Amino acid sequence: MAETSVVDQLDSLVSLERGEIDRRIFSDQEIFNLEMKHIFGRAWLFLCHESQIPKRGDFFEAPMGTDNVLVVRQKDGGIKAFLNTCSHRGNAVCRAEEGNVRNFMCTYHGWTFGLDGELVGVPGSSLFYKDKLDRSKYPLRKVAQLESYRGFVFATFDETAPPLPEYLGATGRLGLDLLAERGDMEVIPGIQKFTVKTNWKFTVDNVFDYYHPQITHMSAFALGLIPAPPDNYMEGGAKSETGANLEVPFLPTDLHNVVMVGEYGHAISGPDQDALEVSTGVEPFAWRHNDETQARLGRHGSRVAGHPHIFPTTWVTAGGQLSLRVPREPGVTEIWWFSFRDKNASPEENAALLSSHIHFFGPAGLLEQEDGENWAQSTLQTKGLRSREVPQLLKMGLGTSEVVKDDGLAIIDAPINEHAQLWTYHSWREWLRNPTWEELRERTVPHDRF
Ligand code: FES
Ligand SMILES: [Fe+2]
């Protein structure tokens, strides 16, 4: 689709009222191009955690849309980020994903850049350029704004973007607080990365999907990777290939979920902490059971046991990890996993934590390999001439939920539903219209009813 026709058709591509999405948004190249320009070219994007670059000269390469930036700890302790592309003829000035350097030397002709991105060395400057090249004009290109929230480093290419805490709003800040509050947190070295042949939006909407685990992850239940009460079976609906009713164990969290939707498209969705503990008898979130943590999270935040997501692509898991879903092409997404640990926890505790992280998500994670199969197949079907005409449905709980606004949050208490997914797509649509920041905020103020 051409740009004008995409914008003209936005209302029909996503309908909050009908709970329907047009499948073309998962495979259309023009829509992908617009996403890069209007969403990833403007939004605050997560780059890394400060614990990854503690010392002067430490750097980490992070994605910002289809660009790659180097996030670098400066001599004065500050942090800067600039495009990893040489100002001479475009070569990447750094081939490593992370490390420590005194400067960055481009391997093509040797132009050399300081930790602050300034051009500090040009081979043959007097011989070839007759000392006429003004080095001050050719630094590495910096991001427009960079800020940290509780150690989480974000940047934006848009100099008119609101300050980071305002962009995150109460919902996004709570999402990061739910990770920061676990202790004195640091990233375990080594970011796990792998590629799935899927559109990035499938990987995002799945974050909120509490309808799929009992089927997609049946093997994880059977193995005990996901704990479920022994007698809790969901019967009816799904049938095996022999026609028998499929009995699947599941977490009985359908009774009480908590959803929060926020400005710019941030959302949190999943089980209510108390309901989860009562219904499963397991106590997976011991870190939060102290008065100070509860007070800092607030009475609503301390109930969240589900998944926060910061628009467009940053997911904080209930298990203490952070994942980036990095769009590379309409049908290709890189999944990045940052695992966190508490510096004060024992080696045994941290080893157990890391093992659970590795076995849940990432290239060796059972859950995400199962999810990835579904996402890849769903993406493939959006390319079929006739298949792509079939709408994508998000109708669960549609029109049945009241929104309560309190402490800056918009909260829905309801059984399992698809409100957070719909909110993500609604916000996505408003971002694609490329409004001013003020208009965008107004158009993504949560509605009173879902
Ligand atoms: S492209 Fe980097 S020095 Fe020429
Ligand atoms: Fe899953």
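Let me begin with a definition: pLDDT is the predictor's confidence in each residue, on a scale from 0 to 100. The structure before us is a predicted model, in which local features need pLDDT of at least 70, side-chain atom pairs count only at pLDDT 80 or more, and totals for chains, interfaces and linings use all residues. Residues are numbered from 1 along each chain as its sequence is written, chains are lettered from A and ligands numbered from 1 in the order in which they are written, and side-chain values use heavy atoms, with hydrogens and water left out.

The protein chain has an average pLDDT of 93, and 95% of its residues score at least 70. Confidence is lowest in strand β15 (residues 233-234), with a mean of 70, and highest in strand β12 (residues 152-156), at 99. Helices (H or I, at least four residues) and strands (E, at least two) are DSSP runs, numbered from the N terminus.

I turn to the metal site. The iron ion (ligand 2) is coordinated by NE2 of H212, NE2 of H217 and two OD contacts from D371, at 2.1 to 2.4 Å. Donors are N, O and S atoms within 2.8 Å of the metal (3.2 Å for Na, K and Ca); water is not among the atoms, so sites may look incomplete. In sequence, the donor residues follow the spacing H-x4-H-x153-D. H217 lies in the loop between α7 (213-216) and α8 (218-223), while D371 belongs to helix α12 (residues 366-381), so this pair ties together parts that are 154 residues apart in sequence. H217 and D371 are both buried, meaning under 20% relative accessible area, where exposed is over 50% and partly exposed lies in between (1.4 Å probe, protein chains only).

Two helices deserve a comment. Their expected span is 1.5 Å times one less than the number of residues. Helix α11 (residues 347-360), with 14 residues, reaches 20 Å from its first C-alpha to its last, close to the 20 Å expected. Just after α11, G362 takes a positive phi of about 90°. Helix α5 (residues 164-180) has 17 residues, yet its end C-alpha atoms are only 16 Å apart, short of the 24 Å that a straight helix would reach. A kink of about 90° in α5 is centred on A170; the bend at a residue is the angle between axes fitted to the seven residues ending there and the seven starting there. Of the 17 residues in α5, 14 are buried.

Finally, an open sheet of 3 strands has the order β1-β2-β23, with antiparallel pairing; strands pair if DSSP finds at least two bridges between them.
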